[in-house]
Structure formats: structure tokens, C-alpha cells
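Please read it alongside the coordinates.

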Amino acid sequence: MRVITEKKISEAVESLVLSANHYLPYDALKALKEAAENEKSKKAKGILYKIVENHKLAKKGVYPLCQDTGIAVVFAEIGSGITIDGDIYAAINKGVETGYKKGGLRKSTANPVTRGNTGTNTPAIIHIALVKGSGLKLSLMAKGAGAENKSALKMLSPADGEEGIIEFVIDTVRKAGASACPPFVVGAGIGGNFETAPLLAKKALLRDIGDKNTRDKNAARLEKILLEKINSLNIGPLGFGGKTTALAVKVETHACHIASLPVAVNIQCHSARHKTITI
Amino acid sequence: MKKVTAPLTQDIIEELKTGDEVLISGVIYTMRDAAHARVADMLKKGQKPPFNLKNQIVYYCGPTPAKEGNVIGSCGPTTSSRMDSYTPLLLEHGLKGMIGKGERSVAVKDAITKHRAVYFSALGGLGAEYARHVLSSEIIAFPELGPEAIYRLEVKDFYAIVINDAEGNDFFVMNKYN
């Protein structure tokens, strides 16, 4: 059985921290460029080109894309054909710590009550899943607070139905407004329960901007409806008006209790920093 | 694009209208959550704040550390609404301008009109771009707060948009998505 060491995991996570904070994913950058070309509003167009320009500066490796270099969220998928030699949580946290240190990135992780900074940008938020295969897939998001703070969970009633789902998602995006740094990627988790829906919404943000949900045709249909509605809100890039309020909406679903309809909306700002590696 | 010098003068403020795009040059001070809490506490106790607030602009920003040979790290704006509970008090003590991102509370907007001040939005998520417009940076208070310390920044052609002008106009209300 293949053995993956703590050191190997830490090094991989460190590289993800550094690259995620300096390079936008290719699909996100492409979507921003297309939006800039398609915007009619002069202000909106100008702002979108400035966002693209900011990426050009950041990728030189000196200045990160945003000063909010985020709390680190790591999804690890452990293949059944490998063995982790050591503590995967410790290994991930070590990689986060050294990545933020070496990159001169801002440490934005604090005690929730005393507000004292932990000084290392750890502990990271870590989600682990066991999957088939013989690799370890690590996805890291540098998740800023501006958009995260505007995310929401609501336990709807089944009677609220599709209309209620749409209304809650749109309302959340409207409230997110300018301060959450649009254009957004909107992740929506529908179903499951109190903890599943937000996790679905978060995972949805890792999907490619251009893809659509192929596992659930209702989710794919909702993605299209929601994107059209969001882009008619006239929030626009950074809230200054325009038709580009979201680059994409990603919906993930899970079966839920007959009496429940949980819906979670996770807002991702235009600086959609995430990166995946498989070792 | 209007040129604005910092610290502000009342004449400059009176000329600024909601929706104006401006380039700010001069001296501004960073302050975010923790620094606001401390300065508000000092003001309530009758103590002098770490810098004279009169006519100054504060910038809601917690930069990344400067790399060797650089003046500052990435330095875009943070969400202004978190500072709402402190802002009227700072305006009472002579502050005239704020730069951040997003909407303000009714109490802040009223205080802006009352004190004839101005609130600007910078462009969120453009931290690398803004770093190019900072000529010098110096921590003047609360270094133990790390990114939340107060930095005195000398800026040149710092891009922002007027959101709330002294007349009580609000860009986001006019833009009608709220």
C-alpha cells in the first residue's frame, strides 16, 4: 500500500497556500475577462478590467491578490489505496502555517471570544472524506471574511418549495451587496440537514465556473434560473451597478427529512481563490 | 476624475458628490475593528487618540506584511459596516472622511450629513493594485495588533468613489438594489 508522509502533505498544502493567494483559477479569470467584454456599463467594465489587472500584479508573487488572505479551508479526499503515515490534521496545519509565513500573507485567524490572533493562520478548517482510489486529493480555499460573513443558512418549510428556495438565495445575494465584493460565485446547498447544506454550498464553490450540475437536473435548472435573476439585480461589479453580479451559481443537493428544507448560500467574492492538487 | 488631497478641507468635501470617482493623494490612516474599539475607548475616557482626527481620512484596511524592499503589502479595503458603531463618535471628534467598502448604517449616514463629512468606497479585492499607490507606510499605534495596527500611509492617486456625500446622498440607495 502506498504511504504518504506528513511531510509530503505539509509541502503540498504549503504550495497550495502560496499559489491560491497569487493566482486566480483559470476558469475564474476567463469568466472575469468575458464579463468585462460583455458589460455595457462603463464603470462596471472599468472595474472588471481593474480586477484582471490586479491579477497580473499578484501573479508576480510579491503582492497577494487581496489583503484578506483568508482563513484556510482544506478538503482532503483520502483514497482507500493509501496509508497516511502520521496525523493528517497536523500535517495540513503545518503546511498552512509555513505557507502563510513564507508567503508573507496576512494571519487572519483569531480566538472567537477574546479575538486574540493565533499568529499562524491555524487551525485551518479541515474536511476529510474517504474515497476510492490511490491518491490524496487536497483542495485549499483562501476564504476571505467579506463574502463569508454574508453567507446564510435557513431552515425553510417544505411548503416554501422551489419558490422559497429561489427567494432565499436571491435575498441573500441582495443583502451581500457591495461589501461582499461582487461579482460572486454563489454556492447553494439545498437539502440534507443543518450541517450538510452549508457544506454542500461550500463544496459547490470548488466547481469549475463553466460546468453545470450533471448529477441532478433540477440543480442544473436552478443554477440557470438563479444566475439570470441575480444578474438582473443591478448590483454589478463591487456594487457599482451593471449586469455582472455573479459569474456563476453552483447548486448541490442532498435528500432531506420529509419535514425539512434546509438551504445554505455561501458567497464567494470575485477573488475566488482555491487550488487543488493530488499526491 | 476629481483630485482630492488628504487631510481634507471643508472646501474639498463640499465639492464632492455621490458617484464621483476620485484620486486621493496625501496622508491617510488605516483603522479597522480592533483599532476602532481602542480609539473609541480612549475618546470616551477623554484621552487623546494616537493621531489628531481633525480633517483626517481613515481607511478601513488591514494590509498584508510588507516584503523586504517594499513599502507595504496588499492593501485593499475591508467591510465598512463593522465600523458603524464607532464612526459617529469619531466624526464628532473631527474625522472628515472614511474609505472602505459597502453600505453604512442610518446612524453613520446621519452623522456624515451632520458633520458634513464624506464616505468613499475603494475597490474590494484589489489589494495588489492599491499597494502601488502607497508611497510610504509607518505604524503609529498598536503594533501588537499586527494587521489591525494603525498605519500612517502616504498615498498617491488612490482610486475611490464617493458613496455618501455631505448633502446626504447615498450611491447605493440611488442605485436601487437595496
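In this predicted model, A:Ala188 has A:Val265 in strand 9 of chain A as its bridge partner. The two strands concerned, strand 7 (residues 184-191) and strand 9 (residues 261-268) of chain A, pair in the antiparallel sense over six bridges. In general, the strands of a sheet pair through backbone hydrogen bonds, in either a parallel or an antiparallel way.

**The sheet and the helix on it**

**The domains of chain A**

- The domain assignment divides chain A into domain 1 (2-20 + 64-143) and domain 2 (146-272), with the C-alpha centres of the two domains lying 25 Å apart.
- Contact between them involves six residues of domain 1 of chain A and five residues of domain 2 of chain A, and the domain 1 side of this contact has three nonpolar, one polar and two charged residues.

**The pairing of helices 2 and 3**

- Helix 2 (residues 26-38) and helix 3 (residues 42-58) of chain A pack with their axes 8 Å apart and at an angle of about 150°, which means that helix 2 of chain A is roughly antiparallel to helix 3 of chain A.
- The crossing of helix 2 of chain A past helix 3 of chain A is left-handed.
- On the helix 2 side of chain A the contact is made by A:Leu29, A:Leu32, A:Lys33, A:Ala35 and A:Ala36, which meet A:Lys45, A:Leu48, A:Tyr49, A:Ile51, A:Val52 and A:His55 in helix 3 of chain A.
- By class, the residues of this contact between helix 2 and helix 3 of chain A comprise eight nonpolar, one polar and two charged.

**The contact between chains**

- Between the chains, 37 residues of chain A are in contact with 35 residues of chain B.
- Helix 3 of chain A, which also packs with helix 2 of chain A, gives the most to the side of chain A that touches chain B, with seven residues.
- That side of chain A has 17 nonpolar, 13 polar and seven charged residues.

How values were computed:
Residues are numbered from 1 along each chain as its sequence is written. Chains are lettered from A and ligands numbered from 1 in the order in which they are written. This is a predicted model: local features need pLDDT of at least 70, side-chain atom pairs count only at pLDDT 80 or more; totals for chains, interfaces and linings use all residues. Two strands pair if DSSP finds at least two bridges between them. Helices (H or I, at least four residues) and strands (E, at least two) are DSSP runs, numbered from the N terminus. Domain bounds come from an automatic or database domain assignment. Two residues are in contact if their C-beta atoms, placed from the backbone, lie within 7 Å. Ala, Val, Leu, Ile, Met, Phe, Trp, Tyr, Cys and Pro count as nonpolar, Asp, Glu, Lys and Arg as charged, and the others, Gly among them, as polar. Axes are lines fitted to C-alpha atoms, for helices over the stretch in contact, and angles run from 0 to 180 degrees between N-to-C directions. Angles under 35 degrees count as roughly parallel, over 145 as roughly antiparallel, 65 to 115 as roughly perpendicular and the rest as oblique. A crossing is left-handed if the near helix is turned anticlockwise from the far one by less than a right angle, and right-handed if clockwise.
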